[in-house]
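This report goes through a structure in short sections. Please look at the sequence and the model before reading on.

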Amino acid sequence: MNSVQIVIVCYKVYNVMIALAWKNLIHDRVRLAVTLVGIVFALVLILVQFGLFLSFMDTSSNVVARSGADLWITAPRIPHVNGGSPLRESYRWQALQVKGVARVDRYNLAWVPWKLPSGAIESVSIAGFDLDHPMGGPWNIVQGNLDDLRSEDTVMVDELYKQKLGVTRIGQIVEISNRRARVAGFTRGIHSFTTAPYVFSSFKNAQNYAGAAMSEDQSTFMLVKAETGADVGQVKAALQRKLPNLAVFTNEEMRAKTQSYWVFQTGAGVTTLLGALLGLIVGVVVVAQTIYAATMDHIREFGTLKAMGAANARIYEVILAQAAISAVMGYVMAIVIAWLVSRGSQDGNAPIALPPELAIGALGLALAMCAGAAVISIRKATRIDPAMVFRG
Amino acid sequence: MIEIRDLHKTYGKGQAAVSALSGVDLHVSAGEVLMLMGPSGSGKTTLLSVMGCILQASSGSVKVDGLEVVGLAESKLPRVRLKHFGFIFQGFNLFPALTARENVELALKLKGVGGAGARKRAAALLEQVGLADKLKAYPADLSGGQKQRIAIARALAGDPPIILADEPTAALDSHSGQKVMEMLAGLAREDGRTVVVVTHDNRVLHYASRIVHIADGRVVKPVAEEAKKEMAA
């Protein structure tokens, strides 16, 4: 046999093994269903737990991630974006003198009381930004627009929190910090990591709502936009030299700092992460057990294949093909379920993220888990007692 | 066709070692139907496994068509099995997910015969064993005798010179057993293949060219022609 003939024979045999794997799977539909239920359960568990964790990460720092700022100037040693301290406006003028700085806007983020129609009080996080250069402003505006916030005492809230805040329509008058406020618009999908929903308003309005906690020439942050083409790292260093008593963070650093605080330094984030890891472990165990059992069901057939002259490599192909087919089938079902769960969760307090990276990663994980379990089975298959095929 | 000299096979090591074959000498010729008999645990199946290159011998010599297989690398044994042997099992060992034709085709495809050629040849082999009308039947829908005939067709798919059968009639009724043995004897008589059968079934001994008794891992003695007739009677 020349090399071309050997390649042709190998190709034919390879196809036969894939076909055998497929027929083995679909022949026993109950066994296949059990296998798929195991894989789907494991993958949905993993997807939901990790989706929850990713969502926590995103939600905890969404106002930073979508601020549009290059740099944040803050009081020293603040723990996270929701824990800023007042800064004097004079710092802003100093910052504007630094080379590479295009703009410095004041930004307020403070917890203030919101009075419900029932008279009860809810805490909200008021975000006040410069309407002329809307760094730190809202996104996904579905009703109203930013210009509506130029009117005195106007605010924008998220649709998710309508019920929580007792808001039903645009134009509704509410009360924040014992001051009148009018709902001028709605956003969609701006979750808050804490129990206090974000409420957006002009910088001046936010200062008013913050009341005694904030004097007229103060803000909790200053958001910096670097000049086009400027090196943000160098601008940051220059700002830090100019304002040695303050802290300067890049947007990414501020995001990471906030995520780290909420996700890792509070119980909620760690619990979710542990849940995700537990989901991964349980998922791996379930899939491994399921695939192993499915392979062992065919162990006698693999012994027969060996006796018929199939090399071990051919048997590996059948086992791996069975595992891969099961993984892909289970993944397709799991991703549909996870997508539905994720979609259904978006209007709730615990949204579950399903980014493409997680979806693709889950496919890789499914294949890896199934292949890993198959490898354990392969070890068993290669150690088949040859006499087994002769037993009745 | 098969030449065995001073064959030993030991399972386990040290004090746990169990000797399954202890110095077996045996010669099987082309066109011969050799029946291996003996009590359970005597080493018949181990001998068959070593002959068929499924199990490695501990020492000794086994030549298959002149090729020494004892000590041959594990990776080379599948090719030897593929080229020289067809196996028939007591439990049939058909693939339940495959139809009768696909079971036979699988053996052909392992030999590199695929496509329409494999389908045609599989159909012809099944016709040869009297199952032309069962091409699309699954093993679960067939009787024991029919399953064993598919197994024979599968064993013949690669056109091997040697057929090794382990208790091929044990799970069959008398009529089916006779039919299967007729086929196996025909393979030796008409095609010149070597057929080695492990059996406890006295009803089929008259198909044997030679009967060899195994006890405690040794060939006790070849059974004489007259004794063979007596046993068969």
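## A loop in chain A

Where does S177(A) lie? S177(A) is in the loop between strands β7 (173-176) and β8 (179-187) of chain A. Helices (H or I, at least four residues) and strands (E, at least two) are DSSP runs, numbered from the N terminus. S177(A) is not a glycine, yet its phi is positive, about 50°. N178(A) is found in the loop between β7 and β8 of chain A, and N178(A) has a positive phi of about 65° although it is not a glycine.

## Basis of the values

This is a predicted model, in which local features need pLDDT of at least 70 and side-chain atom pairs count only at pLDDT 80 or more, while totals for chains, interfaces and linings use all residues. Residues are numbered from 1 along each chain as its sequence is written, chains are lettered from A and ligands numbered from 1 in the order in which they are written, and side-chain values use heavy atoms, with hydrogens and water left out.

## Two helices in chain A

Helix α8 (residues 251-264) and helix α9 (residues 267-296) of chain A pack at an angle of about 80°, and their axes are 4 Å apart. Axes are lines fitted to C-alpha atoms, for helices over the stretch in contact, and angles run from 0 to 180 degrees between N-to-C directions. α8(A) and α9(A) are therefore roughly perpendicular to each other (65 to 115 degrees).

In contact (heavy atoms within 4.5 Å), W262(A), V263(A) and F264(A) of α8(A) meet G269(A), V270(A) and L273(A) of α9(A). By class, five of the residues in this contact are nonpolar, one is polar and none is charged. Ala, Val, Leu, Ile, Met, Phe, Trp, Tyr, Cys and Pro count as nonpolar, Asp, Glu, Lys and Arg as charged, and the others, Gly among them, as polar.

## Where the chains meet

The contact between the chains takes 24 residues from chain A and 27 residues from chain B. The buried area (accessible area, 1.4 Å probe, that two parts lose on being put together, summed over both) is about 2,500 Å², and carbon and sulfur atoms give 71% of it. N93(B), F95(B) and L110(B) supply 22% of the area that chain B buries against chain A, more than any other three residues.

## Salt bridges

Over all chains there are 21 salt bridges (a side-chain nitrogen of Lys or Arg within 4 Å of a carboxyl oxygen of Asp or Glu). One of them joins K164(A) and E122(A), at 3.4 Å from N to O. K164(A) lies in helix α5 (residues 162-165) and E122(A) in strand β4 (residues 121-129) of chain A, so the pair ties together parts that are 42 residues apart in sequence.

Between chain B and chain A the count is one salt bridge. E102(B) forms a salt bridge with K23(A), and the closest N and O atoms are 2.1 Å apart.

Conventions: Parallel < 35°, antiparallel > 145°, perpendicular 65-115°, else oblique.
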